Amino acid sequence: MKPNIHPNYRVVVFHDTSVNAYFTIGSTICTERTITLNGEEYPYVTIDVSSESHSFYIGKQKTLSQEGSTARFQKKFGRFIGSK
């Protein structure tokens, strides 16, 4: 490998501020902030959404109607189609 062309890969702490969850993951992200966890200092990045807070992963997503789009259209606008 050529020297000095690869990004610095290191362990970084990501903090999901919406649920106050911390993740320690290897990353190449650049940050000047640091945090001390378990007696060690790590680079620190705050994020708004992660797998701990995203509705897809926690099971609180909206469910679409089980009826078809044609039936929904007929229910909403069917009265206008037949009356001329």
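In what order do the four strands of the open sheet lie, and with what pairing? Hold that thought for a moment, everyone, while I say what we are looking at.

This is a predicted model, where local features need pLDDT of at least 70 and side-chain atom pairs count only at pLDDT 80 or more, while totals for chains, interfaces and linings use all residues. Residues are numbered from 1 along each chain as its sequence is written, and side-chain values use heavy atoms, with hydrogens and water left out.

Let's start with the overall layout. Along the sequence the pattern reads β-β-β-β-α-α. Of the 84 residues, 18% are buried, where buried means under 20% relative accessible area, exposed means over 50%, and partly exposed is in between, using a 1.4 Å probe and protein chains only. As for contacts, meaning heavy atoms within 4.5 Å, 36% of those with a separation of 6 or more come from residues 24 or more positions apart.

Now back to my opening question. The sheet is open, its order is E2-E1-E4-E3, and its pairing is mixed. Two strands count as paired if DSSP finds at least two bridges between them. At the edges sit E2 and strand E3 (34-37), each pairing on one side only. On average, neighbouring strands in this sheet are turned by 45° against each other, direction ignored; the axes here are lines fitted to C-alpha atoms, for helices over the stretch in contact, and angles run from 0 to 180 degrees between N-to-C directions.

Let me stay with strand E1 for a while. E1 covers residues 10-16, and five of its seven residues are buried, so the strand is largely enclosed by the rest of the structure. To strand E2 (residues 21-27) it is joined by seven bridges, and the two run antiparallel. To strand E4 (residues 40-47) it is joined by four bridges, and that pair runs parallel. As a reminder, strands of a sheet pair through backbone hydrogen bonds, either parallel or antiparallel.

Thr-24 and Val-13 are eleven residues apart along the chain, and their C-alpha atoms are separated by 4.5 Å. Thr-24, in strand E2, counts as partly exposed at 47% relative accessibility. Leaving aside residues up to four places away in sequence, Thr-24 touches Val-11, Val-12, Val-13 and Leu-37.

Asp-16 is buried yet has no salt bridge, and the nearest side chain of opposite charge, Arg-33, is 13 Å away. For charges, Lys and Arg count as positive and Asp and Glu as negative, with His and the chain ends not counted; a salt bridge needs a side-chain nitrogen of Lys or Arg within 4 Å of a carboxyl oxygen of Asp or Glu. Among the residues Asp-16 touches, not counting those up to four places away in sequence, are Ala-21, Phe-23, Ile-47 and Glu-52.

On to the loops. The hairpin of E1 and E2 has four residues between the strands, and Asn-20 there takes a positive phi near 55°. Asn-20 is exposed, with a relative accessible area of 53%. In the loop between E3 and E4 we find Asn-38, where phi is near 55°, again a positive value in a residue other than glycine. Asn-38 counts as exposed at 81% relative accessibility.

Last stop, the helices. How many aromatic pairs does the structure hold? One. The rings of Phe-73 and Phe-77 have centres 5.2 Å apart and planes at 45°, so this pair is tilted. For the record, rings of Phe, Tyr and Trp (its six-membered ring) pair if their centres lie within 6.5 Å, with planes under 30 degrees apart called stacked, over 60 edge-to-face, and the rest tilted. Both residues lie in helix H2 (residues 69-81), four residues apart, about one turn of the helix. Phe-73 counts as partly exposed at 41% relative accessibility, and Phe-77 counts as partly exposed at 36%.
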